[in-house]
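Hi! Here is the structure I promised to pass on. Have a look first, and then read my notes below.

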Amino acid sequence: MTQNSLRNKVQNNRNDSRDNRGVHESRPHRKLEFIKDDIKEFIKSLPYEEPHYSSNKNVKYLDTEFGSVANIHRIFIDIRPEYKSEVNYHFFSKIFKEFNIKFKKPKSDICETCENFKTQISNAKKLNTSQIEISKLENDLKNHEIESKKFYELKKQLKSSTLNDSSQAVICYDFMKHLSLPITKTNLEYYLSKISIHNFGIHDLKSNKATMFLYSENYAAKGPNEVISCINYYLNSILDKNVKQIHIFSDNCYSQNKNKYLWAFYDHLVKIGKFDKITIYYPFPGHSLMEIDGDFGKIEINRKRTDKIYIPNQYIQLIKNSNLKNPYNLVYVNYPLNHNLKNDGIPIIKVKNYKKGFSQILKSKLNFCSNVKIVEFVKNDIKICVNLREPCNTSLEIYKNSDMNEIFEIINNLENAYNNYLPIKRNKLFDLHRLLKYTILPDNTIFYDTFYSNESPTSNINRNFLHNYIIKQNQSNSNKMSKK
Ligand SMILES: [Zn+2]
């Protein structure tokens with residue numbers, strides 16, 4: 001089959017859903033199937049984002065930096081130039097559509113409720129639905145918008161009403177969208193998975209000072225243990241000692257900020273009298289823009305201006321430079337985030353296993369959690385409310401049986417959550433190894449070695465192979481550089 005006829009077939013495919021299978025000789029058809037398989041293989045290998053609210057497990061999310069299907073098609077042709085004439089955009093995008101892939105917008109831009117109402121309204125208008133029903137939908141949308149603004153109003157109001165009261169703090173926190181490493185600016189980079197650097201940030205709304213907890217994805221995970229460990233350090237070492245009451249604004253991510261472990265931790269702080277009252281406010285998902293996002297935005301702008309990033313220290317420097325007026329407090333999680341893993345003066349906290357400790361005393365399942373908008377911790381009670389406009393009146397029981405001594409015992413004997421670096425998926429290690437060929441690392445860089453330190457013993461051969469390969473590549477790269 002000539003390339004022309006193949007192209008014709010590709011183009012026919014667009015308009016003609018009938019399959020020509022068996023009409024022509026079988027070999028060209030097989031070739032086409034091979035090409036399709038290669039495209040599918042490539043699409044499967046793209047680095048998808050972890051779902052944040054995981055509303056639909058079948059949808060895969062790609063970072064918006066991939067831009068568009070056209071851009072991904074271009075990347076495919078870059079790495080498989082032999083398909084340049086055969087795989088045009090339409091052919092590629094048709095296969096791409098089979099995968100149910102969405103480009104992930106910043107999470108603050110998407111609200112399922114808003115989207116749902118808007119779709120219903122536009123459908124109702126198309127279908128000539130009665131004006132009464134359309135008005136009802138429009139009214140529901142308007143009410144939802146008013147309701148969702150309450151989160152912002154409360155935040156603003158608490159910030160100003162507590163401004164001169166040093167016993168009250170107003171904070172918000174969240175994880176930043178991860179920072180990737182290394183950034184080589186090669187074409188390869190777009191479809192290889194990279195190392196994620198995590199940043200959990202806490203912003204004090206009254207002083208406008210933010211604290212960033214930074215770690216590599218193999219230092220710790222992104223769950224309740226990490227969130228509680230960071231908050232624990234913040235409350236003990238950074239927050240003003242006069243504070244007795246805290247107002248917290250946070251998004252609804254269950255695995256991080258809205259779970260029984262975090263609630264048990266806050267409850268404990270009030271029970272022991274460290275604070276008189278702690279209140280958490282949760283927004284409607286998608287209406288959760290907070291001051292900490294502004295801090296992350298500054299880092300993001302600075303990151304986009306930076307050309308190549310080979311070692312984590314560069315991110316640390318970049319974050320330090322992102323807000324010179326009111327510099328961020330930086331804290332490392334579990335290990336130093338630099339090329340030689342040496343103490344560089346930035347404090348390091350250890351992630352404790354709160355989840356394991358608290359599991360012994362907490363109920364296995366809590367009802368109502370997803371709708372909860374306010375959780376209030378007072379001396380002898382946890383109260384919840386499903387509406388940001390109303391006072392908390394319903395008590396929430398999170399313990400199997402609340403024996404105070406048990407909780408003290410657990411808190412005082414928490415284990416470290418990890419004894420070693422976390423394992424990284426094999427394909428990511430291979431991708432990393434390919435990317436490291438394009439990096440120039442300073443002497444005594446051992447940061448990347450930590451990714452190979454937790455491999456199973458059976459993979460020693462591979463590990464040594466990869467490791468030596470990387471070292472050789474780096475040496476030859478730096479030789480090339482020094483000759484220039
Ligand atoms: Zn909404």
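**Lys383 and its surroundings**

Lys383 counts as partly exposed because it has 16 C-beta neighbours inside 10 Å. The scale behind that: a residue is buried with 20 or more other C-beta atoms within 10 Å of its own, exposed with 12 or fewer, and partly exposed in between, with the C-beta atoms placed from the backbone. Before going on, please keep in mind that this is a predicted model, where local features need pLDDT of at least 70 and side-chain atom pairs count only at pLDDT 80 or more, while totals for chains, interfaces and linings use all residues. Residues are numbered from 1 along each chain as its sequence is written.

Lys383 lies in strand β13. Strands (E, at least two residues) and helices (H or I, at least four) are DSSP runs, numbered from the N terminus. Which residues does Lys383 touch, leaving out those up to four places away in sequence? They are Glu376, Cys392, Asn393, Thr394, Ser395 and Leu396, where touching means that the C-beta atoms, placed from the backbone, lie within 7 Å. Ser395 is 12 residues from Lys383 in sequence, with 4.4 Å between their C-alpha atoms.

**Strands around β12**

Strand β13 (residues 381-385) pairs with β12 in the antiparallel sense, over five bridges; two strands pair if DSSP finds at least two bridges between them. A hairpin with two residues links β12 to β13, and Ile374 stands opposite Cys385 of β13. Strand β12 (residues 374-378) also runs antiparallel to β9 (residues 277-281), joined by four bridges. Here Ile278 has Phe377 in β12 as its bridge partner.

**Strands around β6**

Now find β6 (residues 195-204), a mostly covered strand in which nine of the 10 residues are buried. Its antiparallel pairings go like this:

- β4 (residues 168-175) pairs with β6 over five bridges, and Ile171 stands opposite Asp204 in β6.
- β5 (residues 179-181) is joined to β6 by three bridges, with Leu179 partnered by Ile197 in β6.
- β7 (residues 209-216) is joined to β6 by eight bridges, and Gly201 stands opposite Met212 in β7.

β6 and β7 also form a hairpin with four residues between them, and Asn208 in that turn has a positive phi of about 60°.

**A few helices**

How do α9 and α10 meet? The axes of α9 (residues 291-305) and α10 (residues 312-321) come within 9 Å and cross at roughly 125°. Axes here are lines fitted to C-alpha atoms, for helices over the stretch in contact, and angles run from 0 to 180 degrees between N-to-C directions. The two helices are therefore oblique to each other, given that angles under 35 degrees count as roughly parallel, over 145 as roughly antiparallel, 65 to 115 as roughly perpendicular and the rest as oblique. Ile299, Asn302 and Arg303 of α9 make the contact with Leu318, Ile319 and Asn321 of α10.

In α4 (residues 89-97), Phe91, Phe92 and Phe96 are buried. Seen down the axis of α4, its buried residues fall within an arc of 135°, so they line one face of the helix; the arc is that of the directions from the helix axis to the C-beta atoms. The face turned away from that buried side carries the exposed residues His90 and Lys97.

**The whole chain**

The chain has 14 helices and 14 strands. Of its 484 residues, 30% count as buried.

Cheers!

Methods:
Contact = placed C-beta atoms within 7 Å.
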